[in-house]
Every structure is written in structure tokens, then in C-alpha cells.
Amino acid sequence: MAIINVMEKFINERLDDMLSSEDCCKCERCVDDMKAIALNKLPAKYVSTHNGELFSKLEASIRQNAVDINIAVAAAIDAVSKRPSH
Ligand SMILES: [Zn+2]
């Protein structure tokens, strides 16, 4: 079964992007915590990888909600950098 949460892909991209200009710990553990926090704040958008049409539609609708993703990722970076789990 090839099912992915498209939201996860967007969060990963945004997180990499935003972390490049953040002065916080970027170890694997912190980055994983940030991803988990951001993912929990946003609705999961599952798609089967062999359905290219649905994938493109979802991708387009998520791009329109990029602001929500920015806010969730920024909040996750903030939360983890204040309280790293190590
Ligand atoms: Zn760390």
C-alpha cells in the first residue's frame, strides 16, 4: 500500500526552509519533535501515490493554505527551541 500524507511533505519543505534562518538546535531529535507538533496542528491529507490526479488536486489546495502551514511550522519551531527534549 502506497499511501502518503501530503501534508507531511509540505511541512518538511517548510521546516527545512524556515530552519535555515532560525538560530536554534537543529538536531534530528528537535527536528522530529517540530515535525510532530506541526503535523498535529494541521489536518492530514492522505493520498495514494498511484493516483496522480488526486495528488495534484490536493497539492494545489494545500498550496493555497500555505499560510496555515507557515503558522503551524513557526509555532512548532518556537515550542521546541524553548523546550528542547534533551
Ligand atoms: Zn536538538
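Being four residues apart in helix α4, K82 and D78 are separated by about one helical turn; helices (H or I, at least four residues) and strands (E, at least two) are DSSP runs numbered from the N terminus. K82 forms a salt bridge with D78, with 3.0 Å between the closest N and O atoms, a salt bridge being a side-chain nitrogen of Lys or Arg within 4 Å of a carboxyl oxygen of Asp or Glu. K82 is exposed at 62% relative accessibility, whereas D78 is partly exposed at 37%; buried denotes under 20% relative accessible area, exposed over 50%, and partly exposed the range in between (1.4 Å probe, protein chains only).

The model is predicted, so that local features require pLDDT of at least 70 and side-chain atom pairs count only at pLDDT 80 or more, while totals for chains, interfaces and linings use all residues. Residues are numbered from 1 along each chain as its sequence is written, and side-chain values use heavy atoms, with hydrogens and water left out.

The chain comprises four helices and two strands, arranged along the sequence as β-α-α-β-α-α. Its C-alpha atoms fill a box of roughly 40 × 25 × 20 Å along the principal axes. Of the 86 residues, 29% are buried. The accessible surface amounts to about 5500 Å², and carbon and sulfur atoms contribute 50% of this area, as computed by the Shrake-Rupley method with a 1.4 Å probe, only the protein chains shown counting as cover for residues. Among contacts (heavy atoms within 4.5 Å) with a separation of 6 or more, 81% involve residues 24 or more positions apart.

In total, six salt bridges were identified. One of them joins E59 and K9, whose closest N and O atoms are 3.0 Å apart. This pair links distant parts of the chain, with E59 in helix α3 and K9 in helix α1, 50 residues apart. E59 is buried, at 18% relative accessible area, and K9 is partly exposed, at 28%. Within helix α1, D17 and R14 lie three residues apart, about one turn of the helix, and their side chains meet in a salt bridge at an N to O distance of 2.3 Å.

A zinc ion is coordinated by SG of C25, C27 and C30 and by NE2 of H86, at 2.1 to 2.3 Å. Donors are N, O and S atoms within 2.8 Å of the metal (3.2 Å for Na, K and Ca); water is not among the atoms, so sites may look incomplete. The arrangement is tetrahedral because the four donor atoms subtend angles of 94 to 116 degrees, the criterion for four donors being that all angles lie between 85 and 135 degrees. Along the chain, the donors follow the spacing C-x1-C-x2-C-x55-H.

C24 lies in the loop between α1 (6–19) and α2 (28–41) and is buried, at 16% relative accessibility. Beyond residues up to four places away in sequence, C24 touches L19, M34, I77 and S81. M34, for its part, contacts L15, L19, C24, C25, A76, I77 and V80, with neighbours within four places likewise excluded.

Notes
Four donors count as tetrahedral if all angles lie between 85 and 135 degrees; four count as square planar and six as octahedral if opposite donors are over 155 degrees apart and all others between 65 and 115; anything else is irregular.
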